[in-house]
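Below are numbered comments on the model, for a reader who wants the packing and the strand pairing set out with their cut-offs.

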Amino acid sequence: MTEKHARPKRRRRVLRITLRLVAVLVLGTAGAGWWAYSHLNSNIDSVDLDQAIGDNRPKKVVANAQNVLVLGSDSRAGANADLDHGDVSGARSDTAMLVHIPEGRAKATAVSIPRDTLITRPECKDGKGKTLPSAKRVMFNSVYSLAGPACVVNTVEQMSGVRVDHFVEVDFAGFKGLVDALGGVTVTLDKPMSGAKGGLKLDAGSHRLNGTDSLKFVRTRYGYGDGSDLGRIGLQQQFMMAMLSEIKKQDALGNPARLYKLADAGTKSLTTDSDLASLTALSDFAQSMKGVDPDTMETIMLPVAYDKVDPNRVIVAEPQATQLWEALRTDQKVPASAKNSPAKG
């Protein structure tokens with residue numbers, strides 16, 4: 001065979017080998033992508049709110065506005081036990097924020113509900129399907145432990161008149177994983193944190209906190225401010241803003257590798273409503289929120305007053321609370337009078 005005829009055969013052979021390698025790489029990449037997608041999807045637990053709550057829900061007033069209830073669970077089960085050794089059974093809503101994203105999604109308002117607030121719990125079904133009758137003067141954070149997240153959503157809707165579109169719940173391990181996936185979050189204190197009762201000890205100034213210390217930071221109660229739960233809300237809101245700023249600074253939503261790392265860490269301990277319970281739905285929702293600037297986000301504590309019967313508890317303050325909820329329900333600016341809480345913390 002002449003060199004002239006041998007050359008095309010070699011070229012065809014090289015081409016066939018190249019095509020096979022490309023096919024293997026494409027299939028391998030697609031397989032890895034499918035595995036990653038399935039892995040993250042399987043991490044997410046969900047609750048069908050409409051099925052769990054029924055028809056006893058407020059009407060949605062502004063179609064394109066969104067209200068998301070964010071819950072932080074204090075469960076000590078599984079990986080959470082290593083992060084908090086308190087002798088507490090079950091789980092409670094350690095943190096509760098109703099985040100309102102107005103039509104246009106250019107800003108947001110986060111309303112923190114104090115865990116010690118005495119509220120009226122509506123009739124709910126617990127995790128086993130047993131009906132719990134309505135009860136007055138129960139602590140807000142006890143609702144989760146008795147009847148689960150759907151009852152917390154129902155409680156918030158009944159006390160506010162605001163339709164909750166979505167809920168997201170993250171426990172201790174999920175919170176720690178998110179912070180560590182970001183490489184830490186920077187917070188700034190205007191006065192020292194004493195570390196009382198096993199809390200975090202920090203000097204005044206800026207600190208880069210890892211996941212474990214971040215969890216201690218948002219749960220600090222006795223070592224900062226007046227030592228009340230109301231004072232802790234300020235730390236939680238400050239940390240949330242710092243974390244959102246860190247996500248924006250790193251362009252985490254625009255970096256596939258970092259986004260996967262965040263998603264893997266976050267979804268391991270994530271429970272959502274059924275409409276958000278897939279990687280695609282979470283990703284679409286996150287992308288729709290990219291226009292929300294943490295620097296313009298408003299943080300408010302639900303106005304409360306000290307209870308006259310039990311000064312260690314608070315009750316919803318009126319007419320401030322009604323004004324606040326009405327502003328969120330109708331997608332209006334929250335008036336200054338609605339932010340005036342008699343119990344300051």
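1. The largest nonpolar core has 42 residues, and Met193, Phe217 and Phe239 have the most contacts inside it. A nonpolar core here is a set of buried Ala, Val, Leu, Ile, Met, Phe, Trp, Tyr and Cys residues joined through side-chain atoms within 4.5 Å. Buried stands for under 20% relative accessible area, exposed for over 50%, and partly exposed for what lies in between (1.4 Å probe, protein chains only). Two or more residues each come from strand E3 (93-101), strand E9 (166-171), helix H5 (172-182), strand E10 (185-189), helix H6 (211-219), helix H7 (229-249), helix H8 (256-267) and helix H9 (279-288). Another core, of 34 residues, lies apart from it and includes Leu71, Trp325, Ala327 and Leu328.

2. On provenance: this is a predicted model, in which local features need pLDDT of at least 70 and side-chain atom pairs count only at pLDDT 80 or more, while totals for chains, interfaces and linings use all residues. Residues are numbered from 1 along each chain as its sequence is written, and side-chain values use heavy atoms, with hydrogens and water left out.

3. The chain has 10 helices and 17 strands. Both are DSSP runs numbered from the N terminus (helices H or I, at least four residues; strands E, at least two). Of the 345 residues in the chain, 47% are buried. Among contacts (heavy atoms within 4.5 Å) with a separation of 6 or more, 68% are between residues 24 or more positions apart.

4. What does Phe217 touch, not counting residues up to four places away in sequence? The list is Val187, Leu189, Met193, Leu200, Leu202, Leu209, Leu235, Gln238 and Phe239.

5. Two packed helices are described by the angle between their axes and the distance between the axes. For H6 and H7 the angle is about 140 degrees and the axes are 7 Å apart. Axes are lines fitted to C-alpha atoms, for helices over the stretch in contact, and angles run from 0 to 180 degrees between N-to-C directions. H6 and H7 are therefore oblique to each other; under 35 degrees counts as roughly parallel, over 145 as roughly antiparallel, 65 to 115 as roughly perpendicular and the rest as oblique. H6 contributes Ser214, Phe217, Val218 and Arg219 to the contact, and H7 contributes Arg232, Leu235, Gln236, Gln238 and Phe239. These residues divide into four nonpolar, three polar and two charged. In that count Ala, Val, Leu, Ile, Met, Phe, Trp, Tyr, Cys and Pro are nonpolar, Asp, Glu, Lys and Arg are charged, and the others, Gly among them, are polar.

6. Thr267 is found in helix H8. Is Thr267 buried or exposed? Its relative accessible area is 3%, so Thr267 is buried. Thr267 and Leu178 are 89 residues apart in sequence, with 9.2 Å between their C-alpha atoms.

7. Six of the six residues of E9 are buried. His166, Val168 and Val170 point one way from this strand, and Phe167, Glu169 and Asp171 point the other way. E9 pairs with strand E2 (residues 66-73) in the parallel sense over six bridges; two strands pair if DSSP finds at least two bridges between them. Leu71 has Glu169 as its bridge partner in E9. With strand E14 (residues 270-273), E9 pairs in the antiparallel sense over three bridges, and Glu169 stands opposite Thr271 there.

8. Thr109 lies in strand E4 (residues 109-112) and counts as buried because its relative accessibility is 10%. Leaving aside neighbours within four places in sequence, Thr109 is in contact with Leu98, Val99, His100, Glu298, Ile300 and Leu328. Thr109 and Val111 point one way from E4, Ala110 and Ser112 the other way, and all are buried. E4 runs parallel to strand E15 (residues 298-301), joined by four bridges, with Ala110 opposite Thr299.

9. An open sheet of four strands has the order E8-E5-E17-E16 and mixed pairing. Strand E8 (135-139) and strand E16 (304-306) are the edge strands, each pairing on one side only. Neighbouring strands of this sheet are turned by 40 degrees against each other on average, direction ignored. Strand E5 (residues 117-121) and E8 run antiparallel, joined by three bridges, and Ile119 has Val138 as its bridge partner in E8. Helix H4 (residues 149-160) packs on the sheet and touches E5 and strand E17 (314-316), its direction making about 95 degrees with that of E5.
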